[in-house]
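Open your viewer and get ready to select a few side chains. This short tour tells you what to pick next and what is there.

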Amino acid sequence: RALGDQIHLQLQLDSSLPHARIDPAHVEDMLMILTMHACHAMPEGGTLTIRTLRVESELSGLNAARGPYVALEVTDTGGELSAEALARAFEPTFSGKGRAVVDLAHVWRMANDAGGTAEVEPAPARGSTFRVTLPATLSH
């Protein structure tokens with residue numbers, strides 16, 4: 001309901017993923033912020049895709065260590081982000097002119113504090129994908 005009638009929600013959730021080492025309330029906060037950002041990017045409607053997946057590679061962040069990770073991706077079909085917005089999306093003082101920014105710096109901080117990372121990738125002429133990658137626990 002919160003998405004409205006013009007936004008189609010698509011879920012691609014991998015139920016076999018291990019748990020992430022992060023407070024579940026932080027995951028909820030991140031998901032809410034990224035979803036709100038995606039909705040603001042699609043005032044005329046579009047598709048919001050939420051995807052979870054396993055990542056088996058090294059991260060380049062300060063807290064990153066080799067090991068299994070899980071990722072949460074939120075993709076919208078809104079307009080393209082500018083090069084400046086892509087480079088500065090997670091800065092606390094960046095306003096993201098032309099596209100609403102709902103405290104993306106908070107998403108980055110929560111991911112980083114958990115030993116993970118947050119990043120954004122453009123989807124030319126189709127919107128953006130925000131990806132939060134977090135360390136996985138050894139057990140489900």
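Is Arg 131 buried or exposed? Arg 131 is buried, with a relative accessible area of 19%. The cut-off for buried is under 20%, so Arg 131 counts as buried. Keep in mind that this is a predicted model.

The side chains of Arg 131 and Glu 73 form a salt bridge, at 2.8 Å from N to O. This pair joins distant parts of the chain. Glu 73 sits in strand S3, while Arg 131 sits in strand S5, residues 127–135. The two are 58 residues apart.

The Arg 51 side chain meets that of Glu 73 in a salt bridge, with 3.1 Å between N and O. Arg 51 belongs to strand S2 (residues 46–55) and Glu 73 to strand S3 (residues 69–76), so this pair ties together parts that are 22 residues apart in sequence. Check the surface here: Arg 51 is partly exposed, with a relative accessible area of 33%.

Finally, show the three side chains together. How many salt bridges are there? The count comes to 2. Arg 51, Glu 73 and Arg 131 are linked in a network of salt bridges.

How values were computed
Residues are numbered from 1 along each chain as its sequence is written. This is a predicted model: local features need pLDDT of at least 70, side-chain atom pairs count only at pLDDT 80 or more; totals for chains, interfaces and linings use all residues. Side-chain values use heavy atoms; hydrogens and water are left out. A salt bridge is a side-chain nitrogen of Lys or Arg within 4 Å of a carboxyl oxygen of Asp or Glu. Helices (H or I, at least four residues) and strands (E, at least two) are DSSP runs, numbered from the N terminus. Buried means under 20% relative accessible area, exposed over 50%, partly exposed in between (1.4 Å probe, protein chains only).
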